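Good morning, and thank you for making time for this presentation. I would ask you to keep the structure in view while I speak.

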Amino acid sequence: MNPEKFNMIAPGILPEEHEVPITNFEREGRILITGGTEGIGRAIADEFLRRHNAVVICARNQEKLDSTKRDYVYGNSRLIAEKVDIGDRNMTKTFVQGAIEDLGGLDAVILNAATFDFKYKSSDLSEDEIRKEMFKVNEVGNVVVIREVRRELKETNGAIVFITTRFGVPQAKETVSVIDSESASAQEDIGNYIKNKKRIHEYLKDFIMDIKNEGIFVFSVIPGTVDTPANREMIAVGTPEISASKLKEREEGRERDSALVGRIIAKMTASRKKFNPEGQHYNLDIENGEVVEISNAVVEFEKNQTKRHILVGDVPYVGPDEGSLIARKWSHILEQMKL
Ligand SMILES: NC(=O)c1ccc[n+]([C@@H]2O[C@H](COP(=O)([O-])OP(=O)(O)OC[C@H]3O[C@@H](n4cnc5c(N)ncnc54)[C@H](OP(=O)(O)O)[C@@H]3O)[C@@H](O)[C@H]2O)c1
């Protein structure tokens, strides 16, 4: 591990762990996350750092990378945050190689960063150019990362976790959408995006069948609708139909909190187990190649765990920076709970 490059930070106050220690690399996991300054990727990074793993993230916006680094105040956490566009093949290759070197190996990679059709609404690009741009980020980017991590993950019997969508695979049940993915409005807002996700899904299916990849554990996650900057942008700029259906999900309480979703994904990555609603534990083995849909039961479970932490007076973060994202997040939760 290259200590020089890590964002070594002042010790913060860590929450007591009330939950079973389910991570198999607790305190020493080495995690690479594409896109980690906002939304789901950020929440996954947050959870891994809270559990003392070393994490490398990337994103394109330097200011958000800097503020992410400033927000990590947990004692002994280790974070590297680099400016990388995963749509740039060479930059991505160099980034992944550097990350493995800095981490001194790799235990898991989270394929999280993605772009969406609705992001190009005000661009001058032609439909074909947009399709190519999205292909570069959502497909080539992921494949470049996978190729670069493969040797290392074989060494460590590590994991590849792909964050996908309920539209990318047919079996979604609890996160099933009111949106018809074949409709003109869905095609306009997320048509290429769905195709990109489906193709990576197929790529990963082939990947696990290849004997050369034996030892690498792969699974995908359907997070459902999550309150993230991307989801908010979709509501703002999406077609009236898509925007209305997203707002309806929000009204019905079906929009999930990104911190909870990130926590669930981090736990599943570390333990390779998913939540068992019967016993209220993460004790069901995830199969290699499985697509795991985040259920309402596990979201409820994590929500209750969070409440429990607060109710026992167990404040997860108290630090000098009142304006930090983590402090804001918790004051928001407290406010919502009227505490
Ligand atoms: N939110 C949902 O409801 C939902 C539902 C199903 C699946 N998902 C999946 O969850 C994943 C994360 O979605 P999200 O909603 O959290 O997205 P988000 O709010 O847009 O956050 C995306 C993160 O990735 C980074 N990123 C985007 N493009 C990048 C690029 N080309 N290179 C490097 N980093 C890049 C962003 O930073 P920069 O912009 O600074 O680069 C940001 O940190 C995606 O794979 C998405 O398909 C989300």
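This is a predicted model: local features need pLDDT of at least 70, side-chain atom pairs count only at pLDDT 80 or more; totals for chains, interfaces and linings use all residues.

Among contacts in the protein between residues at least 6 apart in sequence, 76% join residues at least 24 apart. The protein has 339 residues, and 43% of them count as buried. Its secondary structure comprises 10 helices and 11 strands.

Let me turn to the sheet. Seven strands make up an open sheet, and their order is β3-β2-β1-β4-β5-β6-β11, with parallel pairing. At the edges are β3, residues 78-83, and β11, residues 291-293, each of which pairs on one side only. On average, neighbouring strands of this sheet are turned by 20° against each other, direction ignored.

Strand β1, residues 30-34, runs parallel to β2, and five bridges join the two. Which residue of β2 is the bridge partner of Ile-33? The partner is Ile-57.

Helix α1 lies across β1, β2, β3, β4 and β5, and runs at about 165° to β2. In this group, β4 spans residues 108-111 and β5 spans residues 159-163.

Helix α1 brings us to the ligand. How many residues surround the ligand? There are 31, and the closest are Gly-35, Gly-39, Asn-61, Thr-228 and Ala-230. Three elements each supply at least two residues of this shell: α1, residues 39-50; β2, residues 54-59; and α6, residues 229-237. By class, the shell has 13 nonpolar, 14 polar and four charged residues.

Finally, I would draw your attention to helix α8, residues 258-271. This helix has 14 residues and reaches 20 Å from its first C-alpha to its last, close to the 20 Å expected at 1.5 Å a residue. Is α8 mostly covered or mostly exposed? It is mostly covered, with 13 of its 14 residues buried. Just after α8, Arg-272 takes a positive phi of about 60°.

Thank you for your attention.

Conventions:
Residues are numbered from 1 along each chain as its sequence is written. A residue is near a molecule or strand if its C-beta atom, placed from the backbone, lies within 6 Å of it. Helices (H or I, at least four residues) and strands (E, at least two) are DSSP runs, numbered from the N terminus. Ala, Val, Leu, Ile, Met, Phe, Trp, Tyr, Cys and Pro count as nonpolar, Asp, Glu, Lys and Arg as charged, and the others, Gly among them, as polar. The expected span of a helix is 1.5 Å times one less than its number of residues. A residue is buried if 20 or more other C-beta atoms lie within 10 Å of its own, exposed if 12 or fewer, and partly exposed in between; C-beta atoms are placed from the backbone. Two strands pair if DSSP finds at least two bridges between them. Axes are lines fitted to C-alpha atoms, for helices over the stretch in contact, and angles run from 0 to 180 degrees between N-to-C directions. Two residues are in contact if their C-beta atoms, placed from the backbone, lie within 7 Å.
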